[in-house]
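Let's go through this assembly piece by piece, starting with a sheet and working out to the chain contacts.

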Amino acid sequence: MKKADRIYYGGDYNPDQWDDQTIDEDMRLFKKAGINLLTLPVFSWAKLEPDEGVYNFEWLDRIIDKIWENGIHVCLATPTTAQPAWLSTRYPEVLPVDIAGRKRTHGMRVFFCVNSLKYRERAAAIAEQMAMRYAHHPALAMWHVSNEYGTYCYCPTCQAKFRVWLRKRYGTVDELNKRWHTTFWGRIVSSFEEVTLPTELNDDYRFNPAIQLDYMRFVTDSTAECFQNEYDILKKYNPEIPIQTNMSGFIKKLDQFTMTKKLDIVGWDNYPWPDDPAYFVAMKHDIMRGLKGGQSFVLTEQSPNQQNWQPYNLLKRPGEVRRLSYQAMAHGADTCLFFQMRQSVAGQEKFHGAIISHSGREDTRVFRESSVLGAELAHIGDTFLNGRTPARVGILFDWNNWWALELSSGPSKDMDYLKTVSLYYETLYRQNIGVDFLPFEAELEKYDLVIAPMIYMEKNNIGEKLNAYVKNGGTLVTTVMSGLADENDRCVFGAYPGKLKDMLGIWVEETDALRPYEQNHMKIEKADMVSREEYSCDFLCDIIHPEGGAEVLATYEDDFYAGTPCVTCNTFGKGKAYYIGTQPEQKFLEELMEKICKDCNIESVYSADEGVELTVRKSDKGRIVFVINHNSKEAEVDFGTDKLKSLIDERKFTGKNTIQPGDVFVTIVEE
Amino acid sequence: MKKADRIYYGGDYNPDQWDDQTIDEDMRLFKKAGINLLTLPVFSWAKLEPDEGVYNFEWLDRIIDKIWENGIHVCLATPTTAQPAWLSTRYPEVLPVDIAGRKRTHGMRVFFCVNSLKYRERAAAIAEQMAMRYAHHPALAMWHVSNEYGTYCYCPTCQAKFRVWLRKRYGTVDELNKRWHTTFWGRIVSSFEEVTLPTELNDDYRFNPAIQLDYMRFVTDSTAECFQNEYDILKKYNPEIPIQTNMSGFIKKLDQFTMTKKLDIVGWDNYPWPDDPAYFVAMKHDIMRGLKGGQSFVLTEQSPNQQNWQPYNLLKRPGEVRRLSYQAMAHGADTCLFFQMRQSVAGQEKFHGAIISHSGREDTRVFRESSVLGAELAHIGDTFLNGRTPARVGILFDWNNWWALELSSGPSKDMDYLKTVSLYYETLYRQNIGVDFLPFEAELEKYDLVIAPMIYMEKNNIGEKLNAYVKNGGTLVTTVMSGLADENDRCVFGAYPGKLKDMLGIWVEETDALRPYEQNHMKIEKADMVSREEYSCDFLCDIIHPEGGAEVLATYEDDFYAGTPCVTCNTFGKGKAYYIGTQPEQKFLEELMEKICKDCNIESVYSADEGVELTVRKSDKGRIVFVINHNSKEAEVDFGTDKLKSLIDERKFTGKNTIQPGDVFVTIVEE
Amino acid sequence: MKKADRIYYGGDYNPDQWDDQTIDEDMRLFKKAGINLLTLPVFSWAKLEPDEGVYNFEWLDRIIDKIWENGIHVCLATPTTAQPAWLSTRYPEVLPVDIAGRKRTHGMRVFFCVNSLKYRERAAAIAEQMAMRYAHHPALAMWHVSNEYGTYCYCPTCQAKFRVWLRKRYGTVDELNKRWHTTFWGRIVSSFEEVTLPTELNDDYRFNPAIQLDYMRFVTDSTAECFQNEYDILKKYNPEIPIQTNMSGFIKKLDQFTMTKKLDIVGWDNYPWPDDPAYFVAMKHDIMRGLKGGQSFVLTEQSPNQQNWQPYNLLKRPGEVRRLSYQAMAHGADTCLFFQMRQSVAGQEKFHGAIISHSGREDTRVFRESSVLGAELAHIGDTFLNGRTPARVGILFDWNNWWALELSSGPSKDMDYLKTVSLYYETLYRQNIGVDFLPFEAELEKYDLVIAPMIYMEKNNIGEKLNAYVKNGGTLVTTVMSGLADENDRCVFGAYPGKLKDMLGIWVEETDALRPYEQNHMKIEKADMVSREEYSCDFLCDIIHPEGGAEVLATYEDDFYAGTPCVTCNTFGKGKAYYIGTQPEQKFLEELMEKICKDCNIESVYSADEGVELTVRKSDKGRIVFVINHNSKEAEVDFGTDKLKSLIDERKFTGKNTIQPGDVFVTIVEE
């Protein structure tokens, strides 16, 4: 990112919706609220290019100059998320075909085929116009390409490109037949031309995991190409300006490790649901930070008040936006941006919150709170920018694995990879222990503890890497649904959990699925590991034989497999490997993970009451500690003998401190 | 309507399904049951026009003559609801395209494109045949055009006509862009040809309220044109015969104020669901009566026993049909018609109730009850025909408003305009206070109290009209979700509730949405207004500033806006304006509305026990009072010193009277 | 079936998925487990015919020879369930069109149009190749045509053939109009060309029962033709080899009485759901046995462990597969076959259980249990093969009736024919009384008691047949929803229950529908018939007049029809006819049916504790008695003075015997 002297604070602004007088008033209000970055013109393609190759940029020139005259930077968006109606009308190939085989008509945003050559041609052209015009504008802080990519298209162009993609991946039809195991249900193809897309028209999207997995990879690759089409042009005009695109919060559909390889910075839109627990939001930030190896990211959007597209759009409570903002920054965000600066008066999102509401007034609760936060961020300056999170625990995370697990028919329809990961994440979050999310390619050796929930799929040689990691002294925790399949979702031919079997010292013979109202129970076989003698478990129950010599930590109490192991630990080389063959009640996981962390000498930076989140970033300015009290009552944090000072005001802290309900400390350790 | 000497009693009859012997038996039974009107031939187009331009009317001639020989009138239906298969096959353009973009195939009824020129040509031709043949037949009492219009079509004809309609409405593309605020999400169009229909293919039907609203208006206008296509022909042959069409009970889809402008009389089909409370049915009747300024209407259909298309088709209980029939007449119906006279032996509705069941027997419960009702109606004669309901309370009601509110994404998915209206209606119904439903064009000055639930949309200058109404001494009650948007669903640019702000003396800063399991509570700030000190409220909570000087009647007790107002009253000019910024528990609304009515000196004609419905119609014969005991136990009604006599039998009433469980009095006040 | 010397034990094997080494290992394991039949090559069309007319059979020759060398028989499947991709690509007409009008693309299995001439041509060709090659192979035990037929197609070919089928059935358009009663809703057609298929495009599939019923018959006939296309070829090459096809457990879609007329043996796939009660599974077996007049059938598939396509795929508990297997044989199966022998490593069913799991190990629970069962079956030999079930009770069962009842709109959406039949079946199952399921064509005179639940439809002269049956001394039990309609779903013109009215001695005037949370109660009017004085009832309540002189056994207690009859019995000729006009609580049905059985002198072969299933088959070897303890605790069975010996081991039984939890006795009566 262009060297910033403070956190970028602001967000999406759509000046093409407003007259000059309103824009002038907006400038006044933005300055009053401490805004220093505006993202635009996300949806203005039709206004900027009213007909093919006819450009109308003067209005935007004026706006950008005015913004800059007011001391505010811009994040310039290529407006390619919403192609003009003339483009869809003149070249229907740009419109996608949906999974039911229906050609879409013009409408919405993110409503184009990423493989359409005509779309790419016109997107490149408008991006080039913007680059030529603004790449060296002093206001320009960063680029923002398009918006929330993620459309799955099933048009003839995609069909043809998918065949090319497969040919490149597999070389021969024989190899494809082998990798897709097409002998099952007689699906052998005799040429690439016989491969049809996995849609509702053949039900392959849900009944043929091999092709569906490859199609999801293909869509990711195609989308990354579509992004790069614009990236390369923008970069050409000024390589100094960082380029990002804002990722939708619904992140499953595109493999973000692949997508973000092409980005300079990761950007994402954080729209938590009212009942999302704080750890779930924190985890998403940590995943985003993990996408580029721990590099800080851009919080591209959040709402300054209610959303409008949820079933019940609750107002954000006083202080809630401030907490969410600091939480993002605590976990790696270097910006605090909102959708949106001024509330649209019409359209699907007319009731979505904004810094300036329909009223246009500055005596609103939202404007007041935004101004306070703006002032605080100005005070903080650049203290934590580019700061890194020191973490000794890594969690393996992988999109292919996510897709394959949830595509599987059986053992249970309730398979939910993200939720399973979050159960393990929560145990560390509660201890205020920092975590890095890692792709399968990561160097594991940097971490004292690696958690690998449901690593169903063997990929990037992850099996051998984990074996080596443990052998060399690492501690591994893995779970049910691990070591089962290869990259093409072909199951292990031999005993489960495949390549991990020797290292874990067990054989998993069968996996029972429990219905939502059913439970088994775990009897603790190892004293002092956890506090109770019995815990419940549910969802899935592996039937395990510790035939490789694993120590049995807990056994089932019920059903025909009562007495057999459900949790084991194996010493392998210099390290230890835990296997959790069921979904234990959360209390057990908490206690077990606490014990494992303790054994690894991993602990929180400070102690604090339950519900207080403690996070550390290290920048060239020092060690910044974020303290967020998520409770609705006072809580205590104990900084021990450390001396810290507030970055927001003039307070200093040491020893035990009281933090008000819902309040935040942003502090730096005095060296 | 042709001057009737008594209430038309009868309904839909499909003689083309029966042989001569059955028809003769039917005539005997009809006379026995007091039937004096038969509606036909609703579904006989294919029989009347077996091939294009080839007509076969002789069988219908004979039937009509026979009916008339038996002293029964006919309501003649043009059979255009179900076009013949040859028409669909030869001219596929008459078949609609559905919202998913699928061309329909021949089937069902109401299964044509109202904009198809070929449909209109053939409909006009068959209507003209009927008019030529029967317009002066002595049996003819009224015309019935087609049946339950309401198909939404998305074919190329509709696409083209919609563009023409938009050009006519907006003149220029610039104006359309402005009114639709197309800068949101970059939806600017550069010509009318770029407008595509709002369907599932672009999701505009749910994500683009501006276009969807206009499409719903266009469908209403197109349907009205399609109706008028036949109306004009029928009228030409005999201007004396009144013309109606039967409206489906699912009335949301077409703006009935617009539709019924073209009708001589309003007709509607009343099919309550088993759990519909009595006030909900009463409200629908009152809405229908409001469509043509209080003019009485035709009850075109109701079931003499069970329906067949509900999930569980309960039998109508003894007396239930009689109560429903008198309730309709009490609220403005001048007919009592059933679907159907003889039960069809096959097809989708073979298990739908009928006066004559499959058994053909006359010793059935239904036939007995029908005969008793027939005899009563004969006794009543023309006493209340064309009678008017005297009402001092008006409720504003508007289809555009209904559509726009429920199209809005946010604040809550549970938005239900009809239900909200019904909550206010119920409070008056319980007091037995007559109500008129009013379009936004209505003269408000005729009413002492106007209730305007959720008048979200500014239209027909309603804001200024309400301001003037209150200033001149009127009492207004309005609610949350009022004064927010214009006719194109563009929100107010400025503080809420827009044009109503000064008159209401408040500013609504924000609106919180509560989930179904959440509540807030209201603390009553004004003594003696209602009976308790606290009530619950839910759904939506406006955050209100009484900055225009409104008196605070109640405040919230919970959440961060505890202590702020939720119910206010402002004195404005000579009048008073109440604002209810949440959805209070019904008990509060009841008590508040009772107090407001009392302040306005509006009260029930007589007092009666709970569950007894009292309604008044004034005709040239006098003041008719309907008393319906909806309870399953005895109840009391007190006529005070008035003297009334029964129109059904020889009874006279004054003072306190006992009414049997489920019984009905139809009385006239002796002058 | 080719004379077998023991029960065929084995199932689906897909050797094209495995290498030679794996296949050799499989042979070793199969022999160890007592496997003597393998079904193949169900999904190998693309491998056997890699291009049109190009055949590749050598690999299959080798496999079959190897299997036979290992002493195992084969059930040879024509691989026509999954056509090769080249066939779909080159001749798109083989792909079906779905009910939404969408042309399917290649994928899945059972994914072709049964009326496609090209499909039939290629299916016949591959079947002929197989017949030429293997019809006299010594390993061949039976043929298995295709797999789980049941696709409904709506393509132009089907449209055209349906019109021909209708012309053949009705002769003239006039007759079709009459039989379909097209005057309802104006659906008269003037030529067969105007008939369109009942799809989602016209909603006729749910709103036009007459056409939908005929379409379901047409699909059955078309599918039977498609089966016979292959049958005739296979038969030509070796008439000795029996031919079957495996019926899907979802049996509603095809009329199996019609389908199986063309088969030598009935085959079906038994995949019970975890909560299916034992009687429900038993009933399905009995229905299958009834399809060919009591002839034993082929259990073509069951799972040796979990399924994968249910929401929660529970492991089969120890002993569960053994119980299910013997239950099938007890009710008429002469084979015990599994899907599948070796678990597929990929595809939709990769997590479906198998005799040999992914692990390839023989020390699994499943392999151990399978081997025990294999040894037992070897011990039993051919003792009960071709054995017949002696039954004195018949239950009428009919697919047309099933379809028509559930197509009806009203009286209740909860209409469930199979469930209703099962309620009556359960009462006999609990008494361990054998039952035959009978088509309407059956000779009723063979049975002492005939149960006819919801014989809605008059067909095959069933009304007169039942009248004659009762008149001649039979006992009949029939129920609500009987005697209402004809074969075209035209309701009786006259009083209900139509042709059964005199025989039952009642008139059913109306039928009330109760909502799921509603009940009525039954007062018992006849002493000593059942144990209590009152029972509840729900779902539907007929209002009955015993005007034909029926004796009233019970009356309603609630609602306006309190005091009227709900259960009656009429003496008619020498017999008795019971009518049950509601759905009584199960306890009442149990007791009533017990009483009726007692009156008919029908009783269980032996007495046993609750939860113990007792079944008898009579073969040329003697009287075989199956005893299954479905309880999880010990139970007792009392063989009285009979002497029995075990067919599994050397035990002998007489008098009272204890049976272990979940255990099975298979015994033969010593004469």
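Chain A holds an open sheet of 3 strands in the order E21-E24-E27, with antiparallel pairing. Its edge strands are E21 (607–608) and E27 (656–659) of chain A, and each of these pairs on one side only. E21(A) and E24 (residues 635–638) of chain A run antiparallel and share 2 bridges, with Ala608(A) standing opposite Val637(A) in E24(A). Pairing here asks for at least two DSSP bridges between two strands. Strands (E, at least two residues) and helices (H or I, at least four) are DSSP runs, numbered from the N terminus.

A word on the ground rules: this is a predicted model, so local features need pLDDT of at least 70 and side-chain atom pairs count only at pLDDT 80 or more, while totals for chains, interfaces and linings use all residues. Residues are numbered from 1 along each chain as its sequence is written, chains are lettered from A and ligands numbered from 1 in the order in which they are written, and side-chain values use heavy atoms, with hydrogens and water left out.

## A sheet in chain C

Chain C has an open sheet of 6 strands, ordered E5-E4-E3-E2-E1-E9, and the pairing is parallel. Strands E5 (243–244) and E9 (335–338) of chain C sit at the edges with a single partner strand each, so one side of each has no neighbour in the sheet. Further in, E2 (residues 37–40) and E3 (residues 73–78) of chain C run parallel and are joined by 4 bridges. Thr39(C) stands opposite Cys75(C) in E3(C).

## How the copies relate

Take chain A, turn it by 120 degrees with a shift of 0.0 Å along the axis, and it lands on chain B with an RMSD of 0.1 Å. The two copies are therefore related as by a three-fold rotation axis. In chain A, the C-alpha nearest that axis belongs to Arg102(A), 5.5 Å away.

Chain B goes onto chain C with an RMSD of 0.1 Å, by a turn of 120 degrees and a shift of 0.1 Å along the axis. In chain B, the nearest C-alpha to the axis is that of Arg102(B), at 5.6 Å.

## Where B meets C

Here 49 residues of chain B are in contact with 54 residues of chain C, contact being heavy atoms within 4.5 Å. Together the two chains bury about 4,600 Å², 56% of it on carbon and sulfur atoms. Buried area is the accessible area (1.4 Å probe) that two parts lose on being put together, summed over both. Met108(B), Tyr312(B) and Gln348(B) supply 16% of the area that chain B buries against chain C, more than any other three residues.

The rule finds 8 salt bridges across this interface, each a side-chain nitrogen of Lys or Arg within 4 Å of a carboxyl oxygen of Asp or Glu. Arg102(B) turns up again, in a salt bridge with Glu200(C) (3.1 Å, N to O).

## Where A meets B

Between chain A and chain B, 49 residues of chain A are in contact with 54 residues of chain B. The count of salt bridges is 8, and the side chains of Arg515(B) and Asp275(A) meet in a salt bridge at 2.9 Å, N to O. Helices H2 (45–48), H4 (85–90) and H13 (365–380) of chain A each give two or more residues to the side of chain A that touches chain B. H4(A) gives the most, with 3 residues.

How values were computed
Least-squares fit on C-alpha atoms with pLDDT ≥ 70 in both.
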